[in-house]
Amino acid sequence: MITLSKVSKIFRASGEAIQAVDDVNLSINQGEIFGVIGYSGAGKSTLIRMLNGLETPTEGSVVVAEHNISKIKGAMLRKARQEISMIFQHFNLLWSRTVHENISFPLEIAGMPKNERDARVKELINLVGLEGRGNAYPSQLSGGQKQRVGIARALANDPKVLLCDEATSALDPQTTDSILELLVDINKRLGLTIVLITHEMHVIRKICHRVAVMESGRIVELGPVLDVFRNPAQQITKRFVRQVTEPEATKEAIVHLAERYPEGKVIQLTFVGESTENPLIANLIRNFDLDVNIVQGKISQTQNGSYGTLYIHIDGKNDEITRALEYIEKQQVGVEVIDNE
Amino acid sequence: MNEGLFPNIDWQDIIEATNETLYMTGISVVATFVLGILLGLVLFLTSKDNVWENRTINFIISAFVNIFRSIPFIILIVLLIPFTKAIVHTMIGENAALPALIIGAAPFYARLVEIGLREIDKGVIEAAKSMGARTGTIIWKVLLPESMPALVSGITVTAIALVGYTAMAGVIGAGGLGNLAYLDGYQRNHNDVTLVATIIILIIVFILQFIGDFVTSKLDKR
Ligand SMILES: Nc1ncnc2c1ncn2[C@@H]1O[C@H](COP(=O)(O)OP(=O)(O)OP(=O)(O)O)[C@@H](O)[C@H]1O
Ligand SMILES: [Mg+2]
């Protein structure tokens, strides 16, 4: 659905050259929710803006839904843009128009007759859950509702691709979740390809199938979300993964905690994918002569399985502990004994 | 009627002069509105990082606007005498004042339009582009509606200035309340005429301000 080959973008501002995107090759499949994560200034916005021609690459080619976006201009580009919608961090609604009129805007651009437009807008208002708010002005809506209008507006012309530039960054956690759920729902129902950029791993974890990590204009890591969570290769990726898997306390604090248990051992268990479903703790208690305490933990759901870390304290005879550790290792669960010296 | 408070007033003259003032103000406001928006749009669209970015055109229009905005109106009338004679064929009467009024006010209003347009969120223009809007659609459906409160409050300020300009134009023969106040009120020392002319001008200004404020607040949904 989307293919970027050797894409670079250099901005020349007051004699200075800034390489915003550096030799990116990327291929995104039909129906996929693809995430791009990176810190501020990594070039994420520049990258996504090249997908609908708001920015032209200095080098390389960008093909989206069979349109050669980096080459076409004028009427061709405008036509292509109706198939590649975008939603924004600050919603970018027209304040002079009501919710209904805002959603109607892309249909006016596409030249749909008035009566068909009204019916279509009603449908979209229901799709995003804004029944009864059609005559409100954007200034009368909450952030989450504004983004729903943004999404309805973006879906108006039945696009093939939806681009989301930090679409939830201005929203609180609850609202973020509800918007993300709406995106997943749309992805499943309409088979829409979604590209979203963010600096929050939480967003990637929650809805993306695959993720690319961007640093200084380059994609430094790319893969299915669960694989990246399981084996982050780059330092920056590890930092992002820690945002969602590491319990609130740092490792040092856990070590500190372990000192409170002079007997037995504190163990870090790392769950990946299906293994989270196994009743591991129950089996430990049932099959071994051990006391088991849960110290701290955090398990996260991703679109294709779970990932998480659990700290437990086990106490009992030494050989029983050793046997238990061997058992856990057989369950495809990462085990690490935290030293309490 | 002629005795009492206003011994020198001929109400027929007053009504006629008021009509002339309203006529000059009305025509020049409409023309300034259209011309100012056109100039303001060109100024905005040719500025940096905009759809028609063009330094040469922007510089020329900008210079033109700045020059005509800076010339004192009374001098502008004199400067424009040959031009006015060429198109209106006279220097007497209401129509003779119109070229100077419009050329004096349109550049001023164009700057206000440009400021209003610059206040529009860049993201909204970008959103329209990302939906595949052509530049004409962006002008008609984004730029003008989104800046409408600023355009209306701008034309209100300009219209009030124009009422003042018509009075000045009246002094050199263009008719209207200014002309009446000068010829009848000042030169023949009929202070009551000057007073009545002033009160009528004030009433016109207050009504314009009231309408402008009312429309602006109705339009502004932010
Ligand atoms: N129009 C522009 N002119 C000059 N430099 C630009 C322009 N747009 C972006 N840049 C530069 O390109 C680099 C990447 O910017 P970009 O906006 O793509 O980052 P980002 O990853 O989206 O960051 P953020 O998370 O803050 O939005 C930055 O160094 C930025 O200053
Ligand atoms: Mg950005």
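User: Which residue in S13(A) stands opposite A:Val272?

Analyst: In this predicted model, A:Val272 has A:Tyr307 of S13(A) opposite it. Strands of a sheet pair through backbone hydrogen bonds, either parallel or antiparallel. Here strand S11 (residues 265-272) and strand S13 (residues 305-315), both of chain A, run antiparallel and are joined by 8 bridges. Two strands pair if DSSP finds at least two bridges between them, and helices (H or I, at least four residues) and strands (E, at least two) are DSSP runs, numbered from the N terminus. Residues are numbered from 1 along each chain as its sequence is written, while chains are lettered from A and ligands numbered from 1 in the order of writing. Local features need pLDDT of at least 70, side-chain atom pairs count only at pLDDT 80 or more, and totals for chains, interfaces and linings use all residues, with side-chain values resting on heavy atoms and leaving out hydrogens and water.

User: What is the strand order of this open sheet, and which strands are at its edges?

Analyst: The 4 strands follow the order S12-S13-S11-S14 in chain A, with antiparallel pairing. Strand S12 (291-302) and strand S14 (334-338) each pair on one side only, and are the edge strands. Neighbouring strands are turned against each other by 15° on average, direction ignored. Helix H12 (residues 318-330) of chain A packs on the sheet, where it touches S11, S13 and S14, and its direction makes about 150° with that of S14(A). Such axes are lines fitted to C-alpha atoms, for helices over the stretch in contact, and angles run from 0 to 180 degrees between N-to-C directions.

User: Why does A:Glu320 count as buried?

Analyst: A:Glu320, which has its place in helix H12 of chain A, counts as buried because its relative accessibility is 14%. The cut-offs are under 20% relative accessible area for buried and over 50% for exposed, with partly exposed in between (1.4 Å probe, protein chains only). Not counting residues up to four places away in sequence, A:Glu320 touches A:Asn287, A:Phe288, A:Asp289 and A:Leu290, contact being heavy atoms within 4.5 Å.

User: Which way do the side chains of strand S6 point?

Analyst: In a regular strand the side chains alternate between the two faces of the sheet. In strand S6 (residues 84-87) of chain A, A:Ile84 and A:Met86 point one way, A:Ser85 and A:Ile87 the other way, and all are buried. S6(A) runs parallel to strand S7 (residues 161-165) of chain A, with 4 bridges joining them, and A:Met86 has A:Leu163 as its bridge partner there.

User: Which residues touch the most other members of the largest nonpolar core?

Analyst: A nonpolar core is a set of buried Ala, Val, Leu, Ile, Met, Phe, Trp, Tyr and Cys residues joined through side-chain atoms within 4.5 Å. In the largest one, of 71 residues, A:Leu4, A:Leu51, A:Val64 and B:Leu143 touch the most other members. Helix H7 (residues 135-174) of chain B gives the largest share of this core, 11 residues. Another core, of 51 residues, lies apart from it and includes A:Phe91, A:Val121, A:Ile186 and A:Val211.

User: How many residues does each chain bring to the contact, and what area is buried?

Analyst: Chain B and chain A bring 22 residues each. About 2,000 Å² is buried between them, with carbon and sulfur atoms giving 61%; buried area is the accessible area (1.4 Å probe) that two parts lose on being put together, summed over both. B:Ser130, B:Met131 and B:Lys221 supply 33% of the area that chain B buries against chain A, more than any other three residues. The model scores ipTM 0.88 and pTM 0.85.
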